[in-house]
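Hello,

Here is the structure I promised to pass along. Have a look at it first, and then read on for what turned up.

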Amino acid sequence: MASLELGSVSIRSYAFDIVTREIHDRLIPLLHKNSNTVLDLQDVLRRFAFDNICQFSFGLDPGCLELDMPMSEFAVAFDLSSKLSAERAICVSPLIWKVKRLLNIGSEKELRGAIKMVNLLADEVIKQRRKLGFSSNQDLLSRFMGTVNDDRYLRDIVISFVLAGRDTVAAALTGFFWLLSNHKEIESSILEESNRVMGTDPELHPTFEQMREMPYLQACLYESMRLYPPVQFDSKFAHGDDVFPDGTFIRKGTRVTYHPYAMGRMEQVWGSDCLEYKPERWLQNGLFSPESLFKYPVFQGGVRVCLGKEMALVEMKNVALSLIRRFKIKGTDESFKKPKFAPGLVATVRGGFPVMVSKR
C-alpha cells in the first residue's frame with residue numbers, strides 16, 4: 001500500500017511542495033539571518049528534514065526551523081529514543097540493557113519515557129485528525145486512515161516513516177556539503193550545470209523537469225553517499241536456509257550484517273581511486289549511469305529497495321541547488337578534519353558540521 005502511495009504523482013507533488021515551501025520560507029531566511037556567523041549545518045539540516053517529514057507523514061508542522069530554532073517535544077523525544085535504541089547495539093552484552101529494561105533503570109528507563117512521549121504525541125495527532133476529518137488531506141497518515149482503523153498500527157506506520165525519512169536525508173546532505181567544502185571545483189561544476197539549465201537568477205526554484213536535466217548533480221549526490229552512506233551498516237535475517245555465492249551456508253533465522261560504509265571504500269569493488277570523491281565515475285557520455293543496487297546498497301535492493309528513494313533524491317537536489325546557487329558555504333578549520341561519527345541508527349557527525357555561510 002505504501003509502495004503504491006509513494007509512487008503516485010499526487011503524493012510526490014505534495015512532498016515536493018512541502019520541501020520547496022520549507023526551503024523558501026524557513027531555510028533560506030535562516031541562513032541569511034546567520035550569514036557570516038558560524039552555524040552547525042548538520043543541526044540545521046536535521047531540523048529542516050524533521051519539519052518536512054512530519055508535515056508529509058502527519059500533516060503536523062513542528063516548526064523546528066523557525067528563526068529562533070525551537071525544538072519541539074516530539075523532536076526531542078524522537079531524538080532521544082533513536083539515540084538510546086542505537087546504544088543498545090554497542091553494549092558489551094545484550095544482557096546488560098535487557099536487565100536494565102527489566103528493572104526499569106538507567107538508559108532503559110529514559111528510553112521508555114521517550115518512547116511513551118513519542119507515542120502520546122502521535123496518538124494525539126491521529127485523534128485530532130479523526131475529529132477534523134481526513135478525507136481531504138494529502139499527508140500519509142490521512143491516506144492510510146481511509147483503509148486502516150487500528151490507531152496503534154497507524155501510529156507505528158507513521159513513526160516508521162519519520163524514522164526512515166528524517167535522519168537519512170539530513171545525514172546524506174551533511175556528507176554531501178562536507179565533501180563540497182573540501183572540493184570547491186566540484187561545487188563550481190554543479191553551479192555551472194544549474195546555470196545552464198535554470199539560468200543565472202539564484203531566486204528561481206528548480207522544477208522536476210529541470211532536475212532531471214542535471215546528471216552531474218545526481219552523480220555528485222550518489223558519489224557522496226558512496227563515501228558517506230546515511231545508514232552505515234544494516235542487518236537482515238535469513239527467511240529460509242540459503243547459500244551465498246562463495247558457498248557459505250546460511251541457516252534460516254541467521255542474522256547477516258552488511259556494511260555500506262566499508263563496501264564503498266573497497267578497492268576490489270570501486271577501483272584504486274575508491275577513496276576519492278569522483279562524481280565522474282557515475283557518468284557515461286555525459287549521462288548518469290547507475291550501478292547495481294547490490295554493489296551500491298545505500299537504498300538497499302531487490303524487494304527491500306527504499307520506498308522513498310526517488311522522493312529523497314528530489315528533496316536533496318532541491319536543497320543542494322537552493323543553497324549552492326545562493327550561498328557560499330565554507331567549513332571552519334574543524335570541518336576539514338575527517339568526520340567522526342556518534343553511535344546511532346543513522347550516520348551523525350560527532351560535534352556537528354560548523355560552517356560559515358555568506359551570500360554568493
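**The sheet and the helices on it**

The model has an open sheet of 3 strands in the order β1-β11-β8, and the pairing is antiparallel. The edge positions belong to β1 (38–40) and β8 (327–331); each has a single partner strand, so one side of each is left without a neighbour in the sheet. On average, neighbouring strands here are turned by 40° against each other, with direction ignored. Please keep in mind as you read that this is a predicted model.

If you zoom in on β8, you will find 5 bridges joining it to β11 (residues 354–359), with the two strands running antiparallel.

Helix α2 (residues 9–33) lies across β1, β8 and β11, and runs at about 65° to β8. Helix α3 (residues 41–57) also packs on the sheet, where it touches β1, β8 and β11. The direction of α3 makes about 45° with that of β1.

**A residue in α3**

Gln55 sits in helix α3. Is this residue buried or exposed? With a relative accessibility of 10%, Gln55 counts as buried, because the cut-off for buried is under 20%. Leaving aside residues up to four places away in sequence, Gln55 touches Tyr14, Ile18, Arg21, Glu22, Arg26, Leu60, Asp61 and Asp139. Some of those names come back in the next part: Glu22, Arg26 and Asp61 are linked with Asp51 and Glu66 in a network of salt bridges.

**Salt bridges**

How many salt bridges does the structure hold? The count is 26. As a reminder, side chains of opposite charge can pair when their charged atoms come close.

The side chains of Arg46 and Asp79 meet in a salt bridge, at 3.1 Å from N to O. Arg46 belongs to helix α3 and Asp79 to helix α4 (residues 73–87), so this pair ties together parts that are 33 residues apart in sequence. Arg46 is buried, with a relative accessible area of 18%.

Asp79 also forms a salt bridge with Arg166, and here the closest N and O atoms are 2.5 Å apart. Arg166 lies in the loop between α8 (151–165) and α9 (167–182), while Asp79 is in helix α4, so the pair ties together parts that are 87 residues apart in sequence. Arg166 counts as buried, at 2% relative accessibility.

Another salt bridge is formed by Asp151 and Arg130, whose closest N and O atoms are 2.8 Å apart. Asp151 is found in helix α8 and Arg130 in helix α6 (residues 106–132), so this pair ties together parts that are 21 residues apart in sequence. Asp151 is partly exposed, with a relative accessible area of 31%. Arg130 counts as partly exposed at 31% relative accessibility.

Which residues make the contact? From α10 they are Ile186, Ser189, Ile190 and Glu193, and from α12 they are Pro215, Tyr216, Leu217 and Cys220. Sorted by class, this contact has 6 nonpolar, 1 polar and 1 charged residues.

**Two more residues to look at**

Arg101 is placed in helix α5 (residues 94–103), and counts as partly exposed at 37% relative accessibility. Not counting residues up to four places away in sequence, Arg101 touches Arg88, Glu108 and Arg112. Arg101 and Leu111 are 10 residues apart in sequence, and their C-alpha atoms are 9.1 Å apart in space.

In an unreviewed entry, UniProt lists Cys306 for "binding site". In the model, Cys306 lies in the loop between β7 (287–288) and α15 (309–324). Cys306 is partly exposed there, with a relative accessible area of 34%.

Happy viewing, and do write back with any questions.

Best wishes

Terms used: Residues numbered from 1 in each chain as written. Predicted model: local features only at pLDDT ≥ 70, side-chain atom pairs only at ≥ 80, totals over all residues. Heavy atoms only, no water. Contact = heavy atoms within 4.5 Å. Helix = DSSP H or I, 4+ residues; strand = E, 2+ residues; numbered from the N terminus. Nonpolar A, V, L, I, M, F, W, Y, C, P; charged D, E, K, R; others polar. UniProt positions renumbered as here; feature names shortened; annotations may be inferred. Buried < 20%, exposed > 50% of the residue type's maximum accessible area, 1.4 Å probe, protein only. Pairing = 2+ DSSP bridges. Axes fitted to C-alpha atoms, helices over the stretch in contact; angles between N-to-C directions. Salt bridge = Lys/Arg side-chain N within 4 Å of Asp/Glu carboxyl O.
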